[in-house]
Amino acid sequence: MALADEDRHGYAIIQDVAARTGGQLKLSAGTLYRSIQRMLEQGLIFETRDRPSPELDDERRRYYRITLFGASVARAEARRLTQLVRLARASGFVPGKA
Amino acid sequence: MMRLYRALLHLYPAAFRDEYSEEMCAIFAQRRLEASRAPAALALWVDSFFDVLVNSARVHWDILAQDLQYTARVLGRAPGFALTAILVVALGVGANTAACTITDHVLIRPLPFAEPERLVKLWETQPGYTRTPASPANYRDWK
């Protein structure tokens, strides 16, 4: 999800995840790069050669972009979770309309 | 500081380290800048230490699991070959174990009694025979 709207490097992904979760989830470098390695192997993301302008760049950074397959997997996962929440709500486990 | 973190990253498999260590160091450096006070820096070190410890073990495990899956797939595709290979390996291991056990007991371990260098073998000579094993009764008489 952190790559949904733009390409990001590792640290930017960590910051984005922290911001989206209100600081509740702070990914460690090890967890992040292990996930990145798996997502690269599964074809969900790829490393892009497009880089920002040199004054904003750091040559050690690597930028990642979501693939079409990655986007469809993310949508499928979101649908699955939505369905799950709907079921939980219907069972009274989540506050809100049944 | 960075040298220590870089050394810690050696717990990761070389391929993973080659791929991601530079960026992991950059992230550590960035966090080190943000943790200017001593308690925050200490917390960062503790976090980083356990992060590397846990995730390096997981990455090693991921690689092992991938290798095992690949092996199972390849062997599953040719079960006859797999069975032959397993039998050959089992025979090889068995033969090696037997050879090593015999070598150990016959050549390496000392005999199970004192002064083994005084051990002799007794023979008898009888008409028509140059050498026959001594009978226990004769041995008793000689004693």
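Trainee: How much space lies in the second largest pocket?
Mentor: About 290 Å³ of space lies in the second largest pocket, where a pocket is an open set of points on a 1 Å grid over the protein atoms alone at which a 1.4 Å probe fits, with protein on both sides within 12 Å along at least five of seven lines, and its volume is the space filled by probe spheres set on those points, joined across faces, edges and corners. Keep in mind that this is a predicted model, in which local features need pLDDT of at least 70 and side-chain atom pairs count only at pLDDT 80 or more, while totals for chains, interfaces and linings use all residues. Residues are numbered from 1 along each chain as its sequence is written, chains are lettered from A and ligands numbered from 1 in the order in which they are written, and side-chain values use heavy atoms, with hydrogens and water left out.

Trainee: Ok, and which residues lie nearest the centre of that second largest pocket?
Mentor: Of the 14 residues that line the second largest pocket, A:Ser28, B:Arg31, B:Leu44, B:Asp47 and B:Ser48 lie nearest its centre, where lining means having an atom within 4 Å of a point. Helices H2 and H3 of chain B each supply at least two residues of this lining, and helices here are DSSP runs (H or I, at least four residues), like strands (E, at least two), numbered from the N terminus.

Trainee: What about the largest pocket, how much space lies in that?
Mentor: The largest pocket holds about 710 Å³ of space, and among its 22 lining residues A:Met1, A:Ala2, A:Leu3, A:Val17 and A:Met39 are the closest to its centre. Helices H1 (10–20), H2 (29–41) and H3 (68–90) of chain A each give two or more residues to the lining, and H3(A) gives the most, with six residues.

Trainee: New topic: how many residues of each chain are in contact?
Mentor: There are 19 residues of chain B in contact (heavy atoms within 4.5 Å) with 21 residues of chain A. On the side of chain B that touches chain A, helix H2 (14–34) and helix H3 (38–77) of chain B each give two or more residues, and H2(B) gives the most, with 11 residues.

Trainee: Which salt bridge joins the two chains, say at A:Arg62?
Mentor: A:Arg62 forms a salt bridge (a side-chain nitrogen of Lys or Arg within 4 Å of a carboxyl oxygen of Asp or Glu) with B:Glu19, and their closest N and O atoms are 3.2 Å apart.
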